[in-house]
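I am opening a notebook on a structure that is new to me.

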Amino acid sequence: MRDFVGAESQIEHKASGHWPTSVQELSEGERLVLWAFRRWVSGHEHLPMLAREFDRQFRQVEARPALIALDAALIGLTRHARRTIVYHQPCCACLGADEVCIISIVAALQNDATAAARAMAQWLMRGEGVDGFTAALEDFADCLTGSGHDLPYRTRPNNAARGTTKLSRPVAMRLH
């Protein structure tokens with residue numbers, strides 16, 4: 001995937017006050033999560049490619065557990081989603097709100113911000129699915145960490161008062 005996504009972006013890898021609006025603004029680890037999510041939701045024909053890429057991106061002992069954890073999380077998401085989850089095609093440069101949410105949940109779990117991860121998961125899912133979803137994504141986040149894929153934990157933008165920050169949302173909510 002490193003060859004696929006290009007050079008790592010210049011985003012600071014600690015808390016960042018910057019919310020990404022396009023794939024080019026993502027770190028390498030965030031791109032891996034996004035790429036894997038998009039491949040998984042794009043259909044079963046993409047799963048062999050996903051497994052091969054995980055073999056390349058993860059340490060040998062973590063590739064299969066990472067794939068299993070991602071699969072469990074996304075099966076849970078499909079079963080308990082509050083609404084239709086919007087995503088873009090695998091190679092699209094656009095970045096949707098649901099995609100940013102999933103990346104942010106993984107980053108929060110990597111940074112022991114479990115309450116934040118659960119709150120974001122509740123935006124995507126009905127209550128009965130949140131525990132299984134976050135547990136599976138925590139396993140996925142652990143595999144990412146063990147293989148050197150640390151995601152920046154993005155919090156509210158610096159100097160923003162609580163409740164005044166508006167996140168950008170795509171104008172059109174559709175697959176393209």
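Entry 1: helix α6 and its cover.
I note at the outset that this is a predicted model. I began with what covers the buried residues of α6, and the list includes α4 (60–80), α5 (97–110) and α7 (127–146). I then looked up which residues of α6 these are. Helix α6 spans residues 114–124, and Ala117, Met120, Ala121 and Leu124 are buried in it. Looking down the axis of α6, I find its buried residues within an arc of 105°, so they line one face of the helix.

Entry 2: α5 against α7.
For α5 and α7 the angle is about 70°, and the axes are 9 Å apart. An angle from 65 to 115 degrees counts as roughly perpendicular, so α5 is roughly perpendicular to α7. I logged the crossing of α5 and α7 as right-handed.
Which residues meet here? From α5 I listed Ile105, Val106, Leu109 and Gln110. From α7 I listed Phe133, Thr134, Leu137, Glu138, Phe140, Ala141, Leu144 and Thr145. Sorted by class, the contact of α5 with α7 has eight nonpolar residues, three polar and one charged.

Is aspartate 112 buried or exposed? Its relative accessibility is 69%, and the cut-off for exposed is over 50%, so aspartate 112 counts as exposed.

Entry 3: α3 against α4.
Last, I looked up helix α3, residues 47–57, where it packs with α4. Their angle is about 135°, and their axes are 8 Å apart. The two helices are therefore oblique to each other. I recorded a right-handed crossing where α3 passes α4. On the α3 side the contact is made by Leu50, Ala51, Phe54 and Asp55. On the α4 side I noted Ala63, Ala66, Leu67 and Leu70. By class, the contact of α3 with α4 has seven nonpolar residues, one charged and no polar.

Methods: Residues numbered from 1 in each chain as written. Predicted model: local features only at pLDDT ≥ 70, side-chain atom pairs only at ≥ 80, totals over all residues. Heavy atoms only, no water. Buried < 20%, exposed > 50% of the residue type's maximum accessible area, 1.4 Å probe, protein only. Helix = DSSP H or I, 4+ residues; strand = E, 2+ residues; numbered from the N terminus. Arc of directions from axis to C-beta. Contact = heavy atoms within 4.5 Å. Axes fitted to C-alpha atoms, helices over the stretch in contact; angles between N-to-C directions. Parallel < 35°, antiparallel > 145°, perpendicular 65-115°, else oblique. Left-handed = near helix turned anticlockwise from the far one by under 90°. Nonpolar A, V, L, I, M, F, W, Y, C, P; charged D, E, K, R; others polar.
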